[in-house]
Amino acid sequence: MTTSTSEAAPQDTPRDIALKIAGRLPLWARDAGFDVCGVAALTPGGGADESWPAAARLARFVELGRHGDMAWMASTAQRRAHPRALWPNARSAIVLGLNYGPESDPLAGLAARAQGVISVYAQGRDYHDLIKGRLKALAGRIARAGEAEVKVFVDTAPLMEKPLAAAAGLGWQGKHTNLVSRAFGSWLFLGAILTDLALPASAAETDHCGACRACLDICPTKAFPAPYQLDARRCISYLTIEHAGPVPEALRPALGNRIYGCDDCLAVCPWNKFAQAARESALQPRPALAGPALEALAALDDATFRALFSANPVKRIGRNRFVRNVLYAIGNSGLARLGKAARGRLDDADETVREAARWALERIAGASRPPKESSSV
Ligand code: B12
Ligand code: SF4
Ligand code: SF4
């Protein structure tokens with residue numbers, strides 16, 4: 001996007017203009033509806049230049065197959081390695097954060113076995129649409145002020161948003177690999193604007209995890225091979241959202257009643273004690289999505305699924321994958337009264353759903369059988 005109207009005075013040098021824009025950025029970001037903003041320098045010698053460690057770490061992640069069947073991570077790995085591989089003219093990344101802190105403990109619902117848990121980020125409106133509109137408004141303002149080129153990114157583009165956000169001083173990548181902020185804990189959505197303006201960079205944040213390992217220890221599927229590294233193939237977020245077809249049987253019990261995403265490692269982070277609930281009304285949980293009854297969800301067909309999840313991130317995975325997740329949760333509930341809902345899916349048109357229904361019924365039956373006597377040697 002390039003525009004010809006500039007707020008610069010005729011005598012301003014490019015550096016003066018960059019300084020003016022950098023000074024106004026926090027206010028403009030706030031006006032656009034973001035909670036925090038920072039700048040990372042992408043050019044040689046800058047805080048996030050092409051020599052950053054993120055590229056090699058991404059290459060290793062893909063080499064080890066930790067992306068599972070997110071084939072797009074491997075196919076875009078070269079462009080994803082650094083923002084300038086995506087756009088060689090980019091000189092600065094403006095990184096924005098939007099607080100989506102929950103009102104109450106997101107892990108409380110895990111004990112309610114007849115209900116499903118949808119992760120905090122997906123209980124309200126789809127954040128991609130919300131952030132994209134805001135990024136465009138802010139980018140337009142920057143483009144006009146600096147007569148600059150700008151491009152906006154949120155989540156779906158091949159850009160590594162977390163290391164960029166860390167370089168821009170929004171926080172640090174915690175041992176759970178997500179960005180942790182001193183002010184917002186683990187609850188920030190990220191978005192970025194790349195520009196050809198050479199803006200003054202913000203100071204990068206340092207790691208404040210210390211000896212803590214709460215996120216590593218709570219993970220139900222042991223998805224962290226080491227601190228700061230995730231094997232997505234074991235992560236419940238990946239298994240319930242990205243993974244098509246049957247989930248490996250060994251991992252199903254650990255899903256519990258999580259039917260879309262997982263918040264465990266985020267929720268236990270001690271830095272959340274400084275976090276506040278999201279101020280954004282669009283991100284407030286829809287009542288129907290906070291602890292929905294598994295029985296009703298198992299009966300969703302395509303039309304009722306699309307109506308329930310309209311303008312919500314869950315819609316993206318489609319009815320079959322979602323009902324698959326619901327059936328695993330029904331099996332994990334061990335509740336005989338939910339057996340009827342699973343039986344209703346035994347003749348489903350989708351084979352993965354049918355298999356999940358059979359598994360759920362076997363697991364419920366197993367839960368009601370008396371434990372086998374153990375022999376002592
Ligand atoms: C692919 C993806 C996933 C995958 C893989 C996640 C992952 N950790 O890689 C899956 C589906 C599992 C996933 C899950 C979630 N995701 Co996601 N995801 C992405 C996406 C599209 C790309 C991430 C990526 O590049 N991964 C590749 C790996 C290699 O990169 P990395 O995670 O940065 O890895 C770093 C560390 O491992 C570290 N590292 C490696 N070795 C070492 C060694 C040392 C010593 C150190 C210090 C560091 C270190 O360096 C690597 C490079 O920076 C981003 C959006 C984007 N475009 O960036 C969203 C994004 C990361 N996801 C996000 C969210 C909210 C989630 C969930 C919380 C959703 C949920 N509630 O279910 C979970 C969290 C799970 C978790 N613990 O990570 C947010 C995170 C916001 C934040 N504050 O950080 C993002 C940024 C989307 C957004 N725009 O807001 N996600
Ligand atoms: S999101 Fe859940 S499954 Fe994934 S790493 Fe965190 S705690 Fe483990
Ligand atoms: S839970 Fe502890 S180790 Fe994990 S990100 Fe937070 S501070 Fe770091």
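The views below show a predicted model.

**View 1. Thr-177, a loop residue with positive phi.** Thr-177 sits in the loop that links β5 (172–173) and β6 (179–180). Its phi is about 80 degrees, although Thr-177 is not a glycine. Most residues other than glycine have a negative phi. Around Thr-177 there are 19 other C-beta atoms within 10 Å, so the residue is partly exposed.

**View 2. Tyr-228, in the loop between α8 and α9.** Here α8 spans 214–218. Phi of Tyr-228 is positive, near 75 degrees, and this residue too is not a glycine. Tyr-228 has 14 other C-beta atoms within 10 Å, so it is partly exposed. Tyr-228 also belongs to the closest residues around ligand 1.

View 3. Ligand 1 is surrounded by 35 residues. The closest are Glu-161, Asn-178, Tyr-228, Ser-237 and Gly-261. At least two shell residues come from each of α2 (54–63), α7 (161–167), β7 (188–195), α9 (236–242) and α11 (264–267). The shell holds 21 nonpolar, eight polar and six charged residues.

**View 4. The shell around ligand 2.** By class, eight residues are nonpolar, three are polar and one is charged.

**View 5. The shell around ligand 3.** This shell has 13 residues. Gly-174, Cys-209, Cys-212, Cys-215 and Cys-269 are the closest. Nine residues of the shell are nonpolar, two are polar and two are charged. Domain 1 and domain 2 each supply at least three residues.

**View 6. Where domain 1 meets domain 2.** The protein is divided into domain 1 (14–102 + 126–195) and domain 2 (214–368). Their C-alpha centres lie 29 Å apart. The contact takes 26 residues from domain 1 and 29 residues from domain 2. On the side of domain 1, β2 (92–99) and α6 (127–146) give two or more residues. That side has 10 nonpolar, 11 polar and five charged residues.

How values were computed. Residues numbered from 1 in each chain as written. Chains lettered and ligands numbered in written order. Predicted model: local features only at pLDDT ≥ 70, side-chain atom pairs only at ≥ 80, totals over all residues. Near = placed C-beta within 6 Å. Helix = DSSP H or I, 4+ residues; strand = E, 2+ residues; numbered from the N terminus. Nonpolar A, V, L, I, M, F, W, Y, C, P; charged D, E, K, R; others polar. Domains from an automatic or database assignment. Contact = placed C-beta atoms within 7 Å. Buried ≥ 20, exposed ≤ 12 C-beta atoms within 10 Å, placed from the backbone.
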